Amino acid sequence: MEKFNIQEYLDSGVIEMYVLDQLSDAEREAVEKLAAQYPEIREEIAEVEEAMGTYHTLEGLTPPDHILSNIMAATAPSTVEEPIVTALPKRTLSIIWPMAAAVVGLALAAWMYMGKQSAQQEIAALKKTTENLRANEQVISSRLQVTEQELNELKGSCCAERLVVKAGDQPIASVYWNKNARLAHLKMENLAIPVKGKQYQLWAFVGGKPVSIGVVDWEALQKGLVSFEFKNKPEAFAISLENFGGSPVPTDVKGASAAVVNQG
Amino acid sequence: MEQKITIPDSQLILMVKNGDRAVIPLLYQRYSSALYGLIVKTIGNQEDASEILQDVFIKIWQRGNQYQEDKGSLLGWMMRIAKNAALDHTRSRVVSQRSKTDQMDNFVSDTKAPKSEAQIPDVGLRKVLDRMDDRHRQMIDLLYYQNYTQSEVEELLGIPLGTVKTRARAAIGELRKILRNEKL
């Protein structure tokens, strides 16, 4: 069998036709199969796509300002399954630049102590670290933007009362109860990782009796708020640790909140 | 000069796949102009393009876990979603061959018409357009934005099919070369 010649393939113009969307479904599939197999083909496609991406911007067309807000609102989590991103403390941002400054300071110290060559290597590595910090800063800024929007949603939906679930004196979680939307937003404060086969369960007290609100998706809770619909009027909230899938009655209560001030 | 730091696509992809909503502003910041330009030039007007762009980003968010890195770039995947959405929009209207031609005429006159201040591209971008061979720009516009098939272009321009293919490839080659030279 004749060996596949990548260069010949790249020179055939098929990649350009692929990016220009001029191939049949079968031809497109064949290109994608080869791209999965040969990094050179994948890179060539990416470069042509990058060029086309720039070509689209050449007329200087920019979307109206409000579009991003609309997209954020349309993708806002509204059900239990949708994960909400981590609410990062604002101070995270403020420590990035001092960290970057410290890195640069270290670079200077390194230059004084080492030979020029090794210092240059060190500086290059530290420069890379600084770049990574700046890239992380962009991610964090974006997270803050999303978090602020979520907080506004909470505020905007009005009257989300915060109840701290405590184990003794220690806060382990917060429940933001929105009586109008009848939503309980659970936020982790200091919950231990559930052991294998176990899962946290959120409860409301109704008429003095515990009623299950739902089991907690641990992964989603680590990322931020987890929301539960609850149609009844809760008097307080509690969290228990149960076998995976939950229990009809709480067996291992980890903490409970004070009473809901306004049950609505 | 401040160096531009870009978050690697691999990190954005991870965020998309993990359902991290923080990726939306990042993707928007990086790619909205390209996708918006693609949509406007495909449908021929800016009025509906904003709404389509909005839907495109929602689709990108919803379908994030369907993206397969080994099949192509993140930008390519997003452009395909945008292109399909723009074409669906165009198809949803009654599109006769006449209106297709009208659309092209509108597009050509629109791009040649004086632009409002907000739409004037920066000098670097303008240079690329000015430097490109008109026939190459026309080929990309017909094949990509107007969704003509190569045979339709052959008929429209009265040139052999082989020339259509060669010219399309040359157009992309010229674009890449200019972008490289302009460091865009």
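Among contacts in chain B between residues at least 6 apart in sequence, what percentage join residues at least 24 apart? In this predicted model, the share is 67%.

**Chain B: overall architecture**

Chain B consists of nine helices and has zero strands. Read from the N terminus, its elements follow the order α-α-α-α-α-α-α-α-α. Of the 184 residues in chain B, 34% are buried.

**Helix H2 of chain B**

Helix H2 of chain B covers residues 23-43. Because 18 of the 21 residues of H2(B) are buried, this helix is largely enclosed by the rest of the structure. H2(B) also bends, by about 60 degrees, at B:Tyr31.

**Helix H7 of chain B**

Helix H7 of chain B comprises twelve residues, 134-145. At 1.5 Å a residue, H7(B) should span 16 Å, and its end C-alpha atoms are 15 Å apart, so the two values agree. The buried residues in H7(B) include B:Met139, B:Ile140, B:Leu142, B:Leu143, B:Tyr144 and B:Tyr145. Their cover draws on both chains: it includes helix H4 (39-57) of chain A, and, from chain B, helix H2 (23-43), helix H8 (150-157) and helix H9 (161-182).

A residue with positive phi occurs just after H2(B) and just after H7(B), as tabulated here.

| Residue | Position | Phi |
|---|---|---|
| B:Gly44 | just after H2(B) | about 85 degrees |
| B:Asn147 | just after H7(B) | about 60 degrees |

**The contact between the chains**

The contact involves 48 residues from chain A and 50 residues from chain B. On the side of chain B that touches chain A, at least two residues each are supplied by H2, helix H3 (47-62), helix H4 (74-92), helix H6 (123-131), H7 and H9 of chain B. H2(B) gives the largest share of that side, with eleven residues. By residue class, the side of chain B that touches chain A contains 30 nonpolar, twelve polar and eight charged residues.

**Confidence in chain A**

For chain A, the average pLDDT is 80, and 76% of the residues score at least 70. Within chain A, confidence is highest in helix H2 (residues 14-19) of chain A, at a mean of 95, and lowest in helix H6 (residues 91-113) of chain A, at 59. Over residues 79-91 of chain A, pLDDT stays under 50. For this stretch of chain A, the model has 31 contacts beyond four places in sequence.

Notes:
Residues numbered from 1 in each chain as written. Chains lettered and ligands numbered in written order. Predicted model: local features only at pLDDT ≥ 70, side-chain atom pairs only at ≥ 80, totals over all residues. Helix = DSSP H or I, 4+ residues; strand = E, 2+ residues; numbered from the N terminus. Expected span 1.5 Å × (residues − 1). Buried ≥ 20, exposed ≤ 12 C-beta atoms within 10 Å, placed from the backbone. Contact = placed C-beta atoms within 7 Å. Nonpolar A, V, L, I, M, F, W, Y, C, P; charged D, E, K, R; others polar. pLDDT = per-residue confidence, 0-100. Bend = angle between axes of the 7 residues up to and from the residue.
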